[in-house]
Amino acid sequence: MRAVRALSAYRGELSKLASLPSVWAACLVGVVVPAGVAIINARSTSVDAGFQELAFGVVGVIVLGVVAASSEYFVDGEDNGRQITTSLTVVPSRTRFLLAKIAAVTTVATALAVVAAVITLLLIGQAAGLSRMFGAVVYWVLTALLAFGMTLLTRNGIIPLALLILNTSVVTVTFLLAKITTLAVYFPDMAGIRMFITEVDLPVRLSPVAGGAVMAAWVVALLVAGFATFRRRDA
Amino acid sequence: MSHDTRRWIHAETTKLWSLPATHLTALGTLVASAMLAIAFGAAGRPGGTTVLDAGLAPVGYTQVGFIILGVVAVTSEYSGGQLRTTLTAMPRRTTQHLAKLVSLAQFALLAAVITVLASIVVAGVVVGDQASLTEALRGIGGAAGYLTLTTLLSAAVAAIVRRTIPALAGLLVHYFIAGPLLRDRTDFATYLPDTAGYRMWFPGATGRLGALSPLTGAAVVLAWVVLAVAVSTTAFRRRDA
């Protein structure tokens, strides 16, 4: 019975995501940005060719993660109530609701990341090993969950969206901070990027696995905080 | 300015100032900008750090606050049916839309001058040097002009999209992802609103960022704003509220 309930909650979340125009736009951005830059950069010979483009394409899953949480709380132009009250009427267990949501975001982010990575790496002719492509996919999924966790805490998409997109820019804020303090290399993006980018100009060297672990720890911490807040407060 | 025009602008200004989102955005932008000025002052930029370089460099990031300001000022009309109340009080749509943009421009200009001034002062303390008054005034003027135009462009885009998250996401992707990537690789990017306006706030820019003089750049950004406002006004007149 429990498994059936969990599965139907998951299906419900997936269908909610699929019904949001913003999610489709996010998927489009996630494929078009890295593929577009790959086409312009076609003659690049860097060992990170293709993977650098994927580091920018992550903006697609940022929007996905933000919208997955913010759409429950706030949609302009709709006067009558918030989606969250309906959602919790249908799935009253808050734990099950959140787990279903996280599972749905993970599913969509994984699918998007795989499609974007395959297209981009093929376009640029990058014959890198599967392990780096796997690293890029993990980075996208963790970023989506990071965006989701932040938005769950703020219940409003504006701040997470601004912070995360700003920090995907060519010279990121965290990179700038790393010039001042070596601690900045442990920010989730700076750590996570080691999973698939090899040429990084940062003071501390982290292995791909260590970088991924640091990023995952941030994501887990944020989701736990989001979870605790979400269970306690009024919908 | 006629008496009525002043009243319309005043009404919009009252609404703008009463939104917590506008104060919080302006305040957050000020603090973030000062902190970035410390970071730029301490980290140093290629080609040596002057007070103005460190004080003005944060504008590239803190413009995000002005983009949010422009978007929120417009989309706040679309939550909870505020727009219907607004149009009951001010039935002439073109007037209402333009009054909102004028009052937003005033607010943005004020916030921008304070933000940029604070960043330059903070950078001066960190770098331990002084900037010439003329150059500092020129920097503040250019940056405040650029930020105000960016706020208006964002507001016009938000008025066309009418949804907070999609408008914001689109603008941010342009200003922080697509814009910087395109300007490194393509010539037409010179005339996009972010790259064209670059020398308005960062006089030392080189390459495509420095291709247009500050005045030409300002004219190009202004042209984008006029175009966007023309589209948003037309759309606002024709659509159901």
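This passage describes the interface between chain A and chain B, and then the aromatic ring pairs, in a predicted model.

At the interface, 30 residues of chain B are in contact with 29 residues of chain A. The two chains bury an area of about 2600 Å² between them, and carbon and sulfur atoms give 78% of that area. On the side of chain B, the residues that lose the most area to chain A are Y61(B), I165(B) and I177(B). Together these residues account for 24% of what that side buries.

Polar links across the interface were also searched for. The rule finds zero salt bridges between chain B and chain A. For polar contacts, one residue pair is found across the interface, with both residues at pLDDT 80 or more.

The side of chain B that touches chain A draws on several helices. At least two residues each come from α2 (20–43), α4 (59–75) and α8 (164–183) of chain B. Of the elements of chain B, α8(B) gives the most to this side, with 12 residues. By residue class, the side of chain B that touches chain A divides into 20 nonpolar, six polar and four charged residues.

Over all chains, a search of the whole structure finds 10 aromatic pairs. A pair of aromatic rings is described by the distance of the centres and the angle of the planes. In chain A, the ring centres of F97(A) and F230(A) are 5.7 Å apart and the planes meet at 25°. Planes under 30 degrees apart count as stacked, so the pair of F97(A) and F230(A) is stacked. This pair links distant parts of the chain, since F97(A) lies in helix α6 (residues 94–124) of chain A and F230(A) in helix α11 (residues 208–232) of chain A, 133 residues apart. Both F97(A) and F230(A) are buried.

In chain B, W17(B) and F107(B) form an edge-to-face pair, with 4.9 Å from centre to centre and 80° between the planes. W17(B) belongs to helix α1 (residues 3–18) of chain B and F107(B) to helix α6 (residues 93–127) of chain B, so the pair ties together parts that are 90 residues apart in sequence. The relative accessible area of W17(B) is 43%, and this residue is partly exposed. F107(B), with a relative accessible area of 7%, is buried. Elsewhere in the list of ring pairs, Y146(B), Y198(B), W201(B) and F202(B) are linked into a cluster.

Key:
Residues are numbered from 1 along each chain as its sequence is written. Chains are lettered from A and ligands numbered from 1 in the order in which they are written. This is a predicted model: local features need pLDDT of at least 70, side-chain atom pairs count only at pLDDT 80 or more; totals for chains, interfaces and linings use all residues. Side-chain values use heavy atoms; hydrogens and water are left out. Contact means heavy atoms within 4.5 Å. Buried area is the accessible area (1.4 Å probe) that two parts lose on being put together, summed over both. A salt bridge is a side-chain nitrogen of Lys or Arg within 4 Å of a carboxyl oxygen of Asp or Glu. A polar contact is a pair of N or O atoms within 3.5 Å; within protein, one must be able to donate a hydrogen and the other to accept it, and residues adjacent in sequence count only if both atoms are side-chain atoms. Helices (H or I, at least four residues) and strands (E, at least two) are DSSP runs, numbered from the N terminus. Ala, Val, Leu, Ile, Met, Phe, Trp, Tyr, Cys and Pro count as nonpolar, Asp, Glu, Lys and Arg as charged, and the others, Gly among them, as polar. Rings of Phe, Tyr and Trp (its six-membered ring) pair if their centres lie within 6.5 Å; planes under 30 degrees apart count as stacked, over 60 as edge-to-face and the rest as tilted. Buried means under 20% relative accessible area, exposed over 50%, partly exposed in between (1.4 Å probe, protein chains only).
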